[in-house]
Amino acid sequence: TQSTGSSGINAEYGITDHAQAALGDIVYVDLPDVDAEFDVGEEVSSVESVKAVGDVALPVSGIVKAVNDALSDTPTLVNQSAEDGGWICEIELTDTSELDDLMDKAAYDAFLESE
């Protein structure tokens with residue numbers, strides 16, 4: 001989800017439904033610190049499942065404005081609602097031009113089908 005913030009765009013960030021399905025049952029989510037700043041490609045979080053640990057890198061640069069504290073007690077929210085209630089953090093984008101390099105949902109779905 002995206003919303004306009006005071007200095008640009010804020011977006012909730014997490015993993016995709018496809019990624020959570022590949023990981024299996026999520027047992028732990030490492031949440032970033034609020035106000036931490038990350039560059040594009042940096043690891044913002046990790047998600048641990050019964051199968052593996054997956055690093056979560058940001059596709060854009062930004063500052064963490066909020067974290068989904070509910071994941072501390074209920075990490076399975078990522079499995080139940082990866083692209084909605086299972087968000088990991090809210091990021092205030094520091095370089096909105098990086099959005100031009102991202103895929104929209106249709107392009108992402110087509111990418112997955114080609115795999």
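In this predicted model, 25 residues line the largest pocket, and those lying nearest its centre are Glu12, Tyr13, Gly14, Thr16 and Met103. Two or more lining residues are contributed by each of strand S2 (8–13), strand S6 (53–57), strand S8 (89–93) and helix H4 (105–114), and the largest share, 3 residues, comes from S2. Sorted by class, the lining comprises 16 nonpolar, 4 polar and 5 charged residues, and the space in this pocket amounts to about 950 Å³.

The pocket can now be placed within the whole chain. The protein has 4 helices and 8 strands, which follow one another from the N terminus in the order β-β-α-β-β-β-β-β-α-α-β-α. The radius of gyration of the protein is 14 Å, close to the 13 Å that the globule rule gives for 115 residues, so the protein is as compact as a globular protein of that length. Along the principal axes, its C-alpha atoms fill a box of roughly 40 × 35 × 20 Å.

Of the 115 residues in the protein, 37% are buried, where buried means under 20% relative accessible area. The accessible surface comes to about 6,500 Å², and carbon and sulfur atoms account for 47% of that surface.

Notes
Residues are numbered from 1 along each chain as its sequence is written. This is a predicted model: local features need pLDDT of at least 70, side-chain atom pairs count only at pLDDT 80 or more; totals for chains, interfaces and linings use all residues. Side-chain values use heavy atoms; hydrogens and water are left out. The radius of gyration is taken over C-alpha atoms; the globule rule is 2.2 Å times the number of residues to the power 0.38. Buried means under 20% relative accessible area, exposed over 50%, partly exposed in between (1.4 Å probe, protein chains only). Accessible areas come from the Shrake-Rupley method with a 1.4 Å probe; for residues, only the protein chains shown count as cover. On a 1 Å grid over the protein atoms alone, a cavity is a set of points where a 1.4 Å probe fits but cannot get out, and a pocket is an open set with protein on both sides within 12 Å along at least five of seven lines; lining residues have an atom within 4 Å of a point. Grid points are joined across faces, edges and corners, and a volume is the space filled by probe spheres set on the points. Ala, Val, Leu, Ile, Met, Phe, Trp, Tyr, Cys and Pro count as nonpolar, Asp, Glu, Lys and Arg as charged, and the others, Gly among them, as polar.
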